[in-house]
Amino acid sequence: MKDLKVIPAVFSLLVISGCGSSFFKYEKYEIDEPVEPVIRSIPEIECVVDEMTGNEWYSEMCSQVMEFKTSCTVNSRIGDRDVYKALIQLHNDYPEVFWIGNTYYATTVTDGSKIVLGIPDWFEADDIPEMNDEFAESADKLIKSIPEGSDYDKILYVHDYIVRNTEYDRKASDDNSTKLAGTAYGCLVEGKAVCSGYARAFQYIMNQIGIESGICTGSNHAWNYVKLDGEYYWLDTTWDDVNENYVSHTYFLFDDDMLIRTRSFDMTQSYVPECKSDNNYFVRNGGYFTEYDKDSVISYIEDNSENEMCEIMFADFESYKSALHGLFGNSDIRSAKGMRTSEINYYHDDNMFTVRICK
């Protein structure tokens, strides 16, 4: 998702929905009332990780898929529903797999079952090994570029790398024909992806460097969870890819309450952890505020005036609403030293209670 360029002296409002975005422009210092998000709950979800982990026929299927086979024979009697759940788990265990399409079926054979997995008709089976080598080379390039540091630093680096080096493939999304854009290959090799491609690439790199990560889906979207210092957090590289000039961190290490304000879940997942946000980008960098205190917020903006963007998050809707009215409705932003207020663009997210002030 990329921000549209806006003219100087105009403030813009960004509303995020699914993998798309809408933009509304208002005259200088005029704002609309923010809309308080709908509070949802996480439903009862069928998680298949325990069913598949250690399952003999699932292991047999995965071993054959990783040998680039799309016709697999397993020593168990299974049906199409079993294959459906197995493919959900396979994409979490092996996010690098890009050669499996959306068609599959299982038939009974002597002493077991035959699983047939369709290859998309836009590439040849003989090309898979070479493409897999290309993928491994691109992934290795990213991995070797990760600097030494804490797991937090590594997660942040990979998040930012993927956002900076991937173009959201809007044509594939609009046409509903994602092809390789929906795979980690599309993200890391071709540099163009939709949400599932972003998520699978992030998960693959995390798991290669020893950091647990997985994928969840819902609302026609895919995103990640990641484990840091013994706790789980949500992360969404797609929705943080908002502009070619900078990387947003609105969806970097956020919690369950934030998640359910922005999307729903598909009813079958590999695994759905309970996620926190006490390590998110805003908390780590001093940009998280429990109330709109003008002096504190302006001081933070001034400290970030040399950066490409200043990102702020508020603890609740009321403090967020007060900040919008104060900073932009009452022009408090004018008092921030180092800000060229005649050329400020800002974007705010009513669901995440965040404000991004951009040059």
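Reader: In strand 17, what is the bridge partner of Tyr347?
Author: The partner of Tyr347 is Arg356 in strand 17, where a strand is a DSSP run of E with at least two residues, numbered, like the helices (H or I, at least four residues), from the N terminus. The model is predicted, so that local features need pLDDT of at least 70 and side-chain atom pairs count only at pLDDT 80 or more, while totals for chains, interfaces and linings use all residues. Residues are numbered from 1 along each chain as its sequence is written, and side-chain values use heavy atoms, with hydrogens and water left out.

Reader: Why are strand 16 and strand 17 called paired?
Author: Pairing requires that DSSP finds at least two bridges between two strands; strand 16 (residues 345–349) and strand 17 (residues 354–358) are joined by 5 bridges and run antiparallel, and therefore they pair. Their hairpin has 4 residues between the strands, and Phe353 takes a positive phi near 60°.

Reader: What makes strand 16 mostly covered?
Author: Buried means under 20% relative accessible area (exposed is over 50%, partly exposed in between, with a 1.4 Å probe and protein chains only), and 5 of the 5 residues of strand 16 are buried. Asn345, Tyr347 and Asp349 lie on one side and Tyr346 and His348 on the other, so both faces are covered.
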